[in-house]
Structures are given as C-alpha cells and as structure tokens.
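Please take a moment with the sequence and the model before reading on, and let the paragraphs below lead you from the overall fold to single side chains.

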Amino acid sequence: MRDNDSRSKIEREAWTRMKMFLLGAAAGYVLGARAGRGRYEQIVRTYRKIADHPMVQGAAGVARAKVGERFGRAQR
C-alpha cells in the first residue's frame, strides 16, 4: 500500500504544478492581450535589435560551430 500512497502523492503534486502552469499561462495571455499591439511591436523591435547585434551574431556563429563539432555535422 505504501507504494500506492507515494504514487498518489506524486500525481497530486503533478496536478498542482499543472494547475499553476495553466494559471500562469492564462494570466500571461490576459496581461499580454491588455498590453496591446503597441507593446507587442515594441518587444519585437527590441528582440530584432538584440538579435541583429554583431556580438550576438558572432556568439551564435560560435555556438553553431560547437554544436556542429559536438554532433559531427559539417558546417554549411
């Protein structure tokens, strides 16, 4: 019986975590919807500015090369 009790405890914890995740996702959706299109476009502009920065591009190239080395893939 003890094994069954521990399993049900794990299942309850998993459901609790799932509920918390869904609650957070719903809150994020509502807050994001209220922020509107202007805020979305501001976030996208900031992301593109960062992603297009030469230092970020260089780091991404190094990361791609290391992943290629690790998994034996040839670089393009």
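The protein has two helices and zero strands, where helices (H or I, at least four residues) and strands (E, at least two) are DSSP runs numbered from the N terminus. This is a predicted model, in which local features need pLDDT of at least 70 and side-chain atom pairs count only at pLDDT 80 or more, while totals for chains, interfaces and linings use all residues. Residues are numbered from 1 along each chain as its sequence is written, and side-chain values use heavy atoms, with hydrogens and water left out.

Of the 76 residues of the protein, 4% count as buried, a word that stands for under 20% relative accessible area, with exposed meaning over 50% and partly exposed in between (1.4 Å probe, protein chains only).

Helix H1 covers residues 2–51 and is the place of Met18. Because its relative accessibility is 40%, Met18 counts as partly exposed.

Helix H2, at residues 54–71, has 18 residues and reaches 26 Å from its first C-alpha to its last, close to the 26 Å expected at 1.5 Å a residue; the expected span is 1.5 Å times one less than the number of residues. Just after H2 comes Gly72, which takes a positive phi of about 70°.

Look finally at Arg70, whose charged end sits over the ring of Phe71, 5.9 Å from the ring's centre; a charge sits over a ring if NZ of Lys or CZ of Arg is within 6 Å of the ring centre and within 35 degrees of the ring normal.
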